[in-house]
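These are my notebook entries on what I looked up in this structure.

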Amino acid sequence: MENPNSGRSVLKRSLRKKAGMRNYDENLMDELIEKHLGGSLKKRNRTREDLEKETEIEAMIALSLGFPIDALLEEEIQAGVVRELGGKEQNDYIVVRNHILARWRDNVRMWLSKGQIKETVSSEYEHLIYSAYDFLLYNGYINFGVSPSFVSYMPGEAMEGSVIIVGAGLAGLAAARQLLSFGFKVVVLEGRHRPGGRVYTQKMGQAGKFAAVDLGGSVITGIHANPLGVLARQLSVPLHKVRDNCPLYKPDGAIVDKDIDSKVEFIFNKLLDKVTELRQIMGGFANDISLGSVLETLRQLYAVAKNTEERQLLDWHLANLEYANAGCLSELSAAYWDQDDPYEMGGDHCFLAGGNWRLIKALCEGVPILYGKTVSTVRYGNEGIEVIAGDQMFQADMALCTVPLGVLKKRGIRFEPELPRRKLAAIESYHTVSGGPLLVALVAGEAAQIFELTDPSVLLHRVLKILRGIFSPKGIDVPNPIQTICSRWGSDPLSYGSYSHVRVRSSGSDYDILAESLGNRLFFAGEATNRQYPASMHGAFLSGLREASHMYRATRYRQYNGRKFTQRNVGPTNDALEDLFKKPDLVLGNLMFIFDPLTEDPKSMGLMRITLGSREHGYKEESTSSCLHQSNLPLPLYTVISREQAQQLLLVTEGDESRLSYIVKNLGLKLMGPSALGNVGNSLIASIASARRGKGRNRMSVGPPHIV
């Protein structure tokens, strides 16, 4: 059953709507935020009812973006965004986090700063502002994209290290822009002579009459909360909804009866439901059972779609399913084929007016890309990365590999040392089949494999014959085309396939394995590394943001442990903290304090340090609590403390032992090593350092610290 209209072809289940999912609508949420939060989000007198309503709205926005209403993401827990899980601080953090998300989604064209958040959140929660803001910023939830206003916030020079990115597709470009904004030196190596990878817009036509045709990734599959929708808003590019109306035609050109169409569509969806029910009853299928075999068994068992017309219609739906999964049903895993369904983006499926090249063009601006550089070898180790392209060698601290899965399967890049066995196994249990976007005919499954080996003129003749069979009886002439293009992603040496799916004898965990970094030097991104959003443009983009965050954290880890290129043991302190505590703002005996010099708010947070086992600065070391272990090496311990709490300690005059007792028993604070400060501590360190640099440039130097 052929269909020249692609309206239904982007959905895994034809026109089926998911129940119980709340999604973020870019336009509706703009109106909602404007109405309830006001156009100018300044501090103002608000009733308790107003605040509760705003908090509820912001929680719903966060939920639509993938954040739980009353819990932390696993990534937030790992980042240490709060000092203790559960309880009031975590609840307060969630409210602040949701507020920041809502504020940025209100206007994605403008950079959201911490200062703007401070205008609407009480200074009592300043430390949570730092923690939530930095988590959201460095994990790509806010201030990402292509807005021209972001340029002024880019660092003037690279301070964080160097990165080579292999591939200028959506994943590579997303990562490159993020890393540049973080202060990294970045270069992108692209084998083609254009950016975009499998996102490619071709102009077709003649004599000044052209149309933009996306020959690769074309449809934004679900606009709600989709980062590509954010890019479109930043560029003010309109989106066109893929229409739901999709009449089907018989091979002789006659339109399919609506009642029969609805009946077979119901049968198709019911068969998929039965697959799910059977999987649940059996506790899962064996990993060698294909979706195709289960569907055919059920079709025969229930004796449905027996006549020729119904079978042709059912075959259309099955082919549509193959297109959505880029694979033959006989090779799709019955156990895991739909493992990403719970994360599916909601909302309309849309086309970008003028083609997706507009997104690619904007993402490329300001990114150093070297074209025609096909990478053959990647060497990685403790001392960094070496990447060979042709007769050139490139060196950096880290590398990000974003090449398509098909290239990895073909061993198009040699890795030295060889990739770990589990990663190689994940690569070989995936499968890619060439898909054929898009304009005239969509080809999937085995037909797509045959398509790539067939002469284009033969394919054109077949398509025209079908179209003329449909429209000629209606008196509509189907002329010869001005130009035709047949995509062949399966044989393209820089892609070897359209996109990934979970085949028989593999599982969704293979996506995670493929995404694993090696030694915090070699990282991987691309749609085939995104378990939640595979086989999609937004999945590729999000994987780039994800790996930029991972590389940032890896660099921070090396910096805090004093090792940029080689693994070596140093003391428990780190350079960043050492530099800050060389000029403490307050000294009480052997206790030193640092605070943000740009605010005198008693609630503002800072850091306190006590160094055991040393006599630095000429201060006499007092005896300390027996619970603190003494060491031959200096042992620095830290806590996050407010200015108000530090002032309370001024009243404790009996020495360090009494002060430590007061800190633990009266203030309820905990002493910890630098590595345990988590995201809250790291945010404070960065903020205080930045504020001191700014104050040094713009103000007179301050006097010596207050010493008691």
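**Aromatic rings.** I looked up tyrosine 153 and noted that, with a relative accessible area of 42%, this residue is partly exposed in the predicted model. Its partner is tryptophan 111, and the two rings are stacked, at 4.8 Å centre to centre and with 10° between the planes. Tryptophan 111 itself counts as buried, because its relative accessibility is 14% and the limit for buried is under 20%. I then checked where the two residues sit: tryptophan 111 is in the loop between helix 4 (88-106) and helix 5 (114-118), whereas tyrosine 153 is in the loop between helix 6 (126-138) and strand 1 (162-166), so that the pair links parts of the chain that are 42 residues apart.

I counted 11 aromatic pairs in the structure. Another stacked one joins phenylalanine 135 and tyrosine 141, with 6.1 Å between the centres and 20° between the planes. Here phenylalanine 135 is buried at a relative accessible area of 2%, while tyrosine 141 counts as partly exposed at 25%. Ring pairs also bring in Phe67, which forms a cluster with Phe135 and Tyr141.

**Charges over rings.** I found arginine 194 over the face of tyrosine 200, at 4.1 Å from the ring centre. In the case of lysine 423, the charged end sits over the ring of phenylalanine 524, 4.2 Å from the centre of that ring.

**Nonpolar cores.** Which residues have the most contacts inside the largest nonpolar core? I noted Tyr93, Ile100, Ile165, Leu179, Val186 and Phe541, in a core of 80 residues. Helix 7 (residues 170-182) gives the most to this core, with 9 residues. A second, separate core has 27 residues, among them Leu189, Ala399, Ile427 and Leu514. As a general reminder, nonpolar side chains in soluble globular proteins tend to be buried together.

I followed up isoleucine 100, which, leaving aside residues up to four places away in sequence, touches Leu112, Ile117, Ile129, Ala132, Tyr133, Leu136 and Ile142.

**Helix 12.** In helix 12 (residues 357-364) I listed the buried residues as Leu359, Ile360, Ala362, Leu363 and Cys364. What covers these buried residues includes helix 7, helix 8 (227-235), strand 7 (350-352), strand 8 (369-371) and helix 18 (537-560). After helix 12 comes glycine 366, which has a positive phi, near 80°.

**Isoleucine 594.** What surrounds isoleucine 594, apart from residues up to four places away in sequence? This residue of strand 18 (residues 591-595) touches Leu580, Phe581, Lys583, Pro584, Asp585, Gly606, Leu607, Ile688 and Arg692. Isoleucine 594 is buried, with a relative accessible area of 0%. I also looked up its separation from arginine 609, which is 15 residues away along the chain, and found 8.8 Å between the C-alpha atoms.

**Confidence.** Last, I checked how far the prediction can be read: the mean pLDDT of the protein chain is 79, and 78% of its residues reach 70 or more. Over residues 564-573 the pLDDT stays under 50, and the model has 21 contacts beyond four places in sequence for them. Residues 696-708 also stay under 50, with 16 such contacts in the model. Where pLDDT is low, the predicted coordinates should not be read in detail.

How values were computed:
Residues are numbered from 1 along each chain as its sequence is written. Side-chain values use heavy atoms; hydrogens and water are left out. A nonpolar core is a set of buried Ala, Val, Leu, Ile, Met, Phe, Trp, Tyr and Cys residues joined through side-chain atoms within 4.5 Å. Buried means under 20% relative accessible area, exposed over 50%, partly exposed in between (1.4 Å probe, protein chains only). Helices (H or I, at least four residues) and strands (E, at least two) are DSSP runs, numbered from the N terminus. Contact means heavy atoms within 4.5 Å. Rings of Phe, Tyr and Trp (its six-membered ring) pair if their centres lie within 6.5 Å; planes under 30 degrees apart count as stacked, over 60 as edge-to-face and the rest as tilted. A charge sits over a ring if NZ of Lys or CZ of Arg is within 6 Å of the ring centre and within 35 degrees of the ring normal. pLDDT is the predictor's confidence in each residue, from 0 to 100.
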